[in-house]
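User: Hi, I have a structure open and I'm new to this. Can you walk me through it?
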Amino acid sequence: MDVQTLTYIFIGLTFVFYLAIAVWSKAQSTRDFYVASGGVHPVINGMATAADWMSAASFISVAGIIAFMGRDGSVYLLGWTGGYVLLALLLAPYLRKFGQFTVPDFIGERYYSKVARVVAVICLIFISFTYIAGQMRGVGIVFSRFLGVDITIGVLIGMGIVFVYAVLGGMKGITYTQAAQYCILIFAYMVPAIFVSILVSGWAIPQIGLGAETTDGSGLYVLDRLDGILTDLGFNAYTDGVRSTIDVFAITAALMIGTAGLPHVIVRFFTVPKVSDARLSAGYALVFIAILYTTAPAVAVFSRLTFIESVHNRPYVETPSWFGKWEETGLLAWVDKNNDGAIQYAPGAALEGSSPVFVDGRGLSGQRRVGNVLSPNENEVYIDRDIMVLAHPEMAGLPNWVIALVAAGGLAAALSTAAGLLLVISTSVSHDLLKRTLMPGISDRKELLYARLAIAVALGLAAVFGIYPPAFVAQVVAFAFGLAAASLFPVILMGIFSKRMNKEGAIAGMLTGLVFTFSYIVYFKFVAPELNTPEHWFLGISPEGIGFIGALLNFIVATAVSSGTSSPPSSVQDLVNYIRTPTGAESGRMH
Amino acid sequence: MIKDNKSASGDQSYVRDSGNAENFSNHANNIVSTTVVDSYWKANVKLLLQLLVLWFVVSFGCGILLVDVLDQFSLFGFKVGFWFAQQGGIYVFVVLIFVYAVRMKTIDKNYGVDGESSSKNGD
C-alpha cells in the first residue's frame, strides 16, 4: 500500500479511538469537567501530562532545532524537562491539596483579591493562546504534507475531533484521550528512531546508539564522525557551543521556570486523588517525557548525518525521491549557484529572506525555481528544521507504514496539547471570570454550560489561528515561557512558601515581571529587531532567556512591597498551613 | 504565633472573604496541630533544598557552567559535559522526583499527615 492510503488508515483509526473514549467518559458535573473529579490514577495522569506537555513542537521541531544548534540545543532539553523537578517539589503537591479548579483560583484565594485573580486570568489566556497557534500550525503541516488536503480542511477536521471530546468530556474526556494519544505519539516517535539508530550505529536503543561507533566501518564514534563532516564543510563542530554561557544559563532557567508555571501543565495535578499521588504523578510524567526528550538528541544527530550524506555533492537528478516531495511542501529548496547540477551544502543561509519564494517553472535539473536573491555564499540548500523528524524515515528508506505512523503521531501530539490548552482557557473564563467574578450566583449546571460554550468559542478562535496563521507565531513562542516564568511561577511559589507575602506584594510582583518581560521581548522582536544581537542585550541575555530576569524581578519587588505593607489576614495563614499538610485532600472539596 | 488556640480544638478551618460557603476544614479524624505542621514543613523544606542543590549541580553545573571542562573527558562516544547536557541531566531529574516522592511518603507517615486514616474514595 502507498503512504497516502496507510496514512488515511492510521489517522482514521486513531480518530475513531479518540471519539470512542469521548463517548465513554462524558462529564456529568463541573468537577468532572474541570478536574476529572480528582479520580485519575497517577500513571494515567502522568501519561496525560506528558501528551499535554509534548506538543506538535516537541514532536516535530525539537530534534530539528537540536540538529542545527548542536550542543546549544541543550537549553531546550534541560529547560523543558528540569521544570518538572520544580513542579514536583515546589508546586504540584500543595496545589493539589488546595483542591480547587484553576491556577487563578489559587492566586485569587491566597492573595484574597479579585484583582490578583483577574491579572492571573489575563496571563493565562495570553500564554495559552500563544501556544495554541503553534499547535494549529503543526496540524496544518501534517495534513498538507501527508494527506495532500488543503490546510483549511485539515484544521477543521482536527478541530472537529477536539470539539467532540473536549466539549463532551471536559477534563475527564481529555485526560483519557491524552493518555491514548501519548501511547500513539511515543510509539510513532520511537519506531523510526530505533530503525535509524540500528542503521547508523547498530544499536536498537537510540540513547546508546548516540554514543556508539558508526556502522560505516570507519571505527569512528557517531558524534566524532558528525563533528568531522561538519568541520570539513566549514561548520562549527556539533558538540561545541557558540552561545555565551550566561545566555545558555538564562534561557535554560527561563524555560524551566516557565514550564513549572504553565497553567495547562499545573492543572493536570489537580486531577489525582491524593497529595502523594501528585508528587508521584509528576515523576511518571517526566519518565514519559524523558523517553522522547532523550531520544530527540539521537534523532537530531542521526538525521543530520543522513541528510548530509544523502545530498551533499550529489547531482540533483540522482537525489532520493523524498527530496522532490519535500520541495513541493516548500520546506526544502535548492538553487544551483555554481551551475554544476549537484547539491552543495555549506554554512550560512542559501537565500536572502526568511523562506524561499517559489516561482513558476523548473530549473535545468528539474528543481523548483526560487525567486529569492541568492546569498553570496556556497550553500545551495534551504532546509526547514521541521523536516528532520518528518522526513528522516524517508531519508533512511524506512517502510511506508513507519512514515504513515509519524503523521498519526504528529497529529496526536498537536491535538492533545490543543485540547489541554482549550480546557484551561475555557475554565478560566467560565469559572474565574463568570462564576467567581461577574456572576457569582450561577448554578453548577449553568457553569458547566458556560464552560462548554467557552471551549467552543476558544476552539473557533484557535481554528482561525490555524487557517490564517499570524506571521508572528514563531516570534512569540518566547512569550509563553517568558511570561509564565515572570508572572505566575513566582507568585504561586511565594504563596506556598511564605506566609508573609500579601496581596500588594503579589500584584506588584506579577505586574513588574509581566511588564518587564513583555517590553523586553516586544522591543527586540518587533520594535527594533535589527538590534537583536548579543551586544545590545541586557547582560548578554537574549529575549528567549529574559523571563529568568523577569522572575527574579518579580521576587524582589514582591518581597520589598510586602515588607512595607500589612500582613495578610489570619485566614490566609490558615490556608497556607492547610495546603502545606497532605492530610485530607480527598475531602478537600465536598459539595 | 498564629492561632495556637485553634489547634487545641482541632479545627483548622478558615473563613474566606469571598463569600463562598465552602471551607477547608479537615476531617475530624485528621487533627493536625500547628506545631506539627511547622516541624513537618521544616523536614519537607530541608529535603527539597537538598534535592534542589543536586538539581542545580547536575543541570546548570555539569551541563552548562562546567561543560567545557567536562568535555575534555570522554566516556564511550560522548564528551562528558555534552552527555550531561543532552542525556544525563534528564535521567537525574527523573531520579530526583522519585526520591522526593518516596522520602516524603516516609516523612508524611512519621508526622501522621499521610492521610491513611481519612476516607479513601473521596467523593
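Analyst: What follows is a short tour, from whole chains down to single residues. This is a predicted model: local features need pLDDT of at least 70, side-chain atom pairs count only at pLDDT 80 or more, and totals for chains, interfaces and linings use all residues. Residues are numbered from 1 along each chain as its sequence is written, while chains are lettered from A and ligands numbered from 1 in the order in which they are written.

User: OK. How many helices and strands are in chain A?
Analyst: Chain A has 21 helices and four strands. Helices (H or I, at least four residues) and strands (E, at least two) are DSSP runs, numbered from the N terminus.

User: Why call chain A as compact as a globular protein of that length?
Analyst: Its radius of gyration is 24 Å, close to the 25 Å that the globule rule gives for 591 residues, so chain A is as compact as a globular protein of that length. The radius is taken over C-alpha atoms, and the rule is 2.2 Å times the number of residues to the power 0.38. Along the principal axes, the C-alpha atoms of chain A fill a box of roughly 80 × 55 × 45 Å.

User: What share of chain A counts as buried?
Analyst: 61% of the 591 residues. Buried means 20 or more other C-beta atoms within 10 Å of the residue's own; exposed means 12 or fewer, and partly exposed is in between, with C-beta atoms placed from the backbone.

User: And chain B, how much of that is buried?
Analyst: In chain B, 35% of the 123 residues are buried. Chain B has four helices and two strands, in the order α-α-α-β-β-α along the sequence.

User: Which residues touch the most others in the largest nonpolar core?
Analyst: Leu185(A), Leu422(A) and Ile97(B), in a core of 232 residues. A nonpolar core is a set of buried Ala, Val, Leu, Ile, Met, Phe, Trp, Tyr and Cys residues joined through C-beta atoms within 7 Å.

User: What is Leu422(A) in contact with?
Analyst: Leaving aside neighbours within four places in sequence, Leu422(A) contacts Val162(A), Ala166(A), Ile455(A), Ala458(A), Leu459(A) and Ala462(A). Contact means that the two C-beta atoms, placed from the backbone, lie within 7 Å.

User: New topic. Which residues of H10(A) are buried?
Analyst: Val222(A), Leu223(A), Arg225(A), Leu226(A), Asp227(A) and Leu230(A). Their cover includes helices H8 (151-201), H9 (206-209) and H13 (275-311) of chain A, together with strand S2 (78-79) of chain B.

User: How far does helix H10 of chain A reach?
Analyst: H10 (residues 222-233) has twelve residues and reaches 17 Å from its first C-alpha to its last, close to the 16 Å expected at 1.5 Å a residue. The expected span is 1.5 Å times one less than the number of residues. After H10(A) comes Gly234(A), with a positive phi near 100 degrees.

User: Which residue other than glycine has a positive phi?
Analyst: Tyr112(A) is one of them, with phi near 35 degrees. Tyr112(A) sits in the loop between H6 (103-110) and H7 (114-147) of chain A. Another is Asn313(A), with phi near 65 degrees, in the loop between H13 and H14 (321-329) of chain A.

User: Is Asn313(A) buried or exposed?
Analyst: Asn313(A) is exposed, with 11 other C-beta atoms within 10 Å. Tyr112(A) is partly exposed, with 19.

User: Last one. Where is Pro273(A)?
Analyst: Pro273(A) is in the loop between H12 (263-266) and H13 of chain A. Pro273(A) is buried, with 21 other C-beta atoms within 10 Å. Its C-alpha is 8.6 Å from that of Arg96(A), 177 residues away along the chain.
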